[in-house]
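Please look through the model below before reading on.

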Amino acid sequence: MRVSLLVVLVFAIAASQSVSPPDLLEEEVPPADFRVQYGSGDLQVGELRLPKTGNAPYPVVMLVHGGCWANELPKLDPRAVTMDLLRPMAAALAASGIATWNVEYRRIGDAGGGWPGSFEDLSRATDLLRDLAAKHRLDLKRLVVAGHSSGGHLAMWIAARPKLPPSSALYVKNAVPVKAVINLDGLADPVAFHPMESKVCPLPAMTRFFGGSPVEYPDRYRDGSPVPFLPLGVPQEFIGGSLVRGLKDQIAAYESAARAKGDVVTITALDGAGHFDMLAPRSPHWKTVEPRFHALLR
């Protein structure tokens, strides 16, 4: 696929796609059981949904939305780059017996967003799960983090976070580990992605997110990427739509590097899926997506 087509596929929502952001935003879902602040800011918040069936302690999926690391994108409803987009998935997983922690965080355009604020927010949101587990009978030994699009990169970083050295600006002592990570049509390697950022995102998103290029800030790109910390020591699954198809060479290179160091990496291709189809419980692709969560949480 030519890179120039990715913008059409990912952001203009090509006519061939069966699911678009408005479809997900208009979906009626039950409200979250708890809306919890993990910091003092308005965006430092998450929604916790608990299963109504099954036995506690419950397995947990933490969800990280995408949106080119930004708080708005041209021609998209602002809610399409927030945790609102993942509410249907969060509710469906909870209905299937999995607790979900769908988080918001500061991004490009938000005060304190980007480096290092976005990473710090996600660290706090992840580590708050210790408190939530004690209060709501969650099983953190069965914690999977999943992210969509740019959130896929951030989810993989969360999985790598316990391996950060104390010298890193992002280091947190006793970071909560995860059992596995699911990358929902997202990237893995920000350095490899950087040269094509403006062709995929409608703004120089990655440069703004990290505050500069990999040449200018190699330490930031090192500490904000899963690649330097391979092996992550947990299963990593890519569930692919249009973006993963467009980044197939990058994903293949990451898979090869991870496997060479002993990690288990799986790529589940969704035939004909666009960028948002794997997020929709009403999509025919959901019958492939949902079982992957349950398999990794066993």
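**Confidence, strands and salt bridges**

The protein has an average pLDDT of 93, and 94% of the residues score at least 70; pLDDT is the predictor's confidence in each residue, from 0 to 100. This is a predicted model, in which local features need pLDDT of at least 70 and side-chain atom pairs count only at pLDDT 80 or more, while totals for chains, interfaces and linings use all residues. Residues are numbered from 1 along each chain as its sequence is written, and side-chain values use heavy atoms, with hydrogens and water left out.

Confidence is highest in strand S4 (residues 99-103), at a mean of 99, and lowest in helix H1 (residues 4-10), at 41. Helices (H or I, at least four residues) and strands (E, at least two) are DSSP runs, numbered from the N terminus. The pLDDT is below 50 over residues 1-16, a stretch that has 34 contacts in the model beyond near neighbours in sequence; contact means heavy atoms within 4.5 Å. Where pLDDT is low, the predicted coordinates should not be read in detail.

Strand S5 (residues 138-148) is largely enclosed by the rest of the structure, because 8 of its 11 residues are buried. Buried means under 20% relative accessible area, exposed over 50%, and partly exposed in between (1.4 Å probe, protein chains only). S5 runs parallel to strand S3 (residues 58-64), to which 6 bridges join it; two strands pair if DSSP finds at least two bridges between them. In this pairing, Leu63 stands opposite Ala146 of S5. S5 also pairs in the parallel sense with strand S6 (residues 180-184), over 5 bridges, and Val145 has Val181 in S6 as its bridge partner. From S5 the chain crosses through helix H6 (residues 150-160) to S6 in a right-handed β-α-β crossover; right-handed means that, with the strands pointing away from the viewer, the path from the first strand over the helix to the second runs clockwise.

The whole structure contains 17 salt bridges, each a side-chain nitrogen of Lys or Arg within 4 Å of a carboxyl oxygen of Asp or Glu. One of them joins Arg282 and Glu27 (2.9 Å, N to O). Arg282 lies in the loop between strand S8 (265-269) and helix H13 (286-296) and Glu27 in the loop between helix H2 (21-26) and strand S1 (34-37), so the pair ties together parts 255 residues apart in sequence. Arg282 is exposed, at 72% relative accessibility, and Glu27 is partly exposed, at 24%.
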